[in-house]
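Below are some questions on helix packing and on the surroundings of a ligand, with answers.

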Amino acid sequence: MIISDDDSKKNTPKNGESNIQKLPPKSKARAKDLEAVSNEFDETYEKTIRPKSFNEYIGQTSLKETLKISIEAAKRRNVPLDHLLFYGPPGLGKTTLAGIIAEEYGVDIKITSAPALERPRDIIGILMSLKGGEILFIDEIHRLNKVAEEILYPAMEDFSLDLTTGKSQTVKTMRVPVQKFTLIGATTKAGALSGPLRDRFGIIHRLEFYKPEELQQIVKRSAKILNVEIDENGALEIALRSRATPRIANRLIKRASDYAIVKGDGKITKEIANLALNNLNIDDFGLDNTDRALLKLIIEKYSGGPVGIETLAVALGEDIRTIEDVYEPYLLQSGLLMRTLRGRTVTKSAYKHLGYDIPGNFNNGQLGLFE
Ligand code: ADE
């Protein structure tokens, strides 16, 4: 059983529309509500197609093999699995893998995220509620505050909590046991995790971007579950334009399917996928308007870079964390952007991709010999 924060939400929409009609009419509140409903709808949709076992899970092959061995060994020794940390860009399947581990290990999983564990009693409550062997999944674990981290350390190490009662001179510390559990932490930023917290994970794994043929398989699998007709080339087209990320591929199936129903005969072919994605302003590299705006800004206003992330964030009206966690990883991976000591710089491929001439003196923002 998966018990998550999301499941406790009331009025989970069965489809996007019914809830959208109930929203209050005022602009800003409405925009926020629409966003919340659309996120909730995406989560419901994602859960429907989420693989439930290693057999169904495509990609991350070596990670899967390592996990299978760890699970088998823990089962044979009859001990909880070591605490696990997954890191990597969003949408690559960290939560999905945690769910599969619980399923394969035959235990329940409680899903939460660091921002929901703001007060000491939040983390104490969840740790005390765990049953033996259960998995606790904490998303965005790098955002855990210091107090929550300190509570977590003895729980991870000795399955106990050091609780204090009373004030100043009458303060008493009590050691309270909790059930043995496995913590699975997920983060987009392993570097932002404190050293002591990182050291308490027995297994640390990075999730990789997916290869086009893996994403093509994922698209075909999801389309089948959703009863969407798609051919090989249609699936490949979506795969190639999904930023190497299953979550994006799965969302694009939905958009391409809508397009196929309205403009075609319901089947996603290469041509339909291409038209649907062009319509969404997603280009051949899978870049969207914001990706291109970021690259164009560096090219047009900063001669290709280097430029600091703070400056880019202000100019784009995005926050630094969104740029670092959502946009940059794929731009770096696809060789369009580079991080240098002096800031972000585009590459020659970015100039070419966006149709600009490469300036004669362009040196990718590297320091010259005498700079
Ligand atoms: N849906 C999202 N991620 C997936 C994966 N890795 N394999 C199969 N289906 C998925």
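**Helix packing and ligand shell**

In this predicted model, helix α12 (residues 289–302) packs against helix α13 (residues 309–316) at an angle of about 110°, and their axes are 11 Å apart.

Q: Are α12 and α13 roughly parallel or roughly perpendicular to each other?
A: The two helices pack at an angle of about 110°. Angles of 65 to 115 degrees count as roughly perpendicular. Therefore α12 and α13 are roughly perpendicular to each other.

Q: Is the crossing of α12 and α13 left-handed or right-handed?
A: Two packed helices are described by the angle between their axes and the distance between the axes. For α12 and α13 the axes are 11 Å apart. The crossing of these helices is right-handed.

Q: Which residue has a backbone N or O atom 2.8 Å from a nitrogen atom of the ligand?
A: The residues around the ligand include P51, E56, Y57, I58 and Y210. The backbone atom that lies 2.8 Å from a ligand nitrogen belongs to I58.

Q: Which elements give two or more residues to the shell around the ligand?
A: The shell includes I218, R221, P246 and N250. Its residues divide into six nonpolar, one polar and two charged. The elements that give two or more residues are α8 (212–225) and α10 (246–263).

Definitions and conventions. Residues are numbered from 1 along each chain as its sequence is written. This is a predicted model: local features need pLDDT of at least 70, side-chain atom pairs count only at pLDDT 80 or more; totals for chains, interfaces and linings use all residues. Side-chain values use heavy atoms; hydrogens and water are left out. A residue is near a molecule or strand if one of its heavy atoms lies within 4 Å of it. A polar contact is a pair of N or O atoms within 3.5 Å; within protein, one must be able to donate a hydrogen and the other to accept it, and residues adjacent in sequence count only if both atoms are side-chain atoms. Helices (H or I, at least four residues) and strands (E, at least two) are DSSP runs, numbered from the N terminus. Ala, Val, Leu, Ile, Met, Phe, Trp, Tyr, Cys and Pro count as nonpolar, Asp, Glu, Lys and Arg as charged, and the others, Gly among them, as polar. Axes are lines fitted to C-alpha atoms, for helices over the stretch in contact, and angles run from 0 to 180 degrees between N-to-C directions. Angles under 35 degrees count as roughly parallel, over 145 as roughly antiparallel, 65 to 115 as roughly perpendicular and the rest as oblique. A crossing is left-handed if the near helix is turned anticlockwise from the far one by less than a right angle, and right-handed if clockwise.
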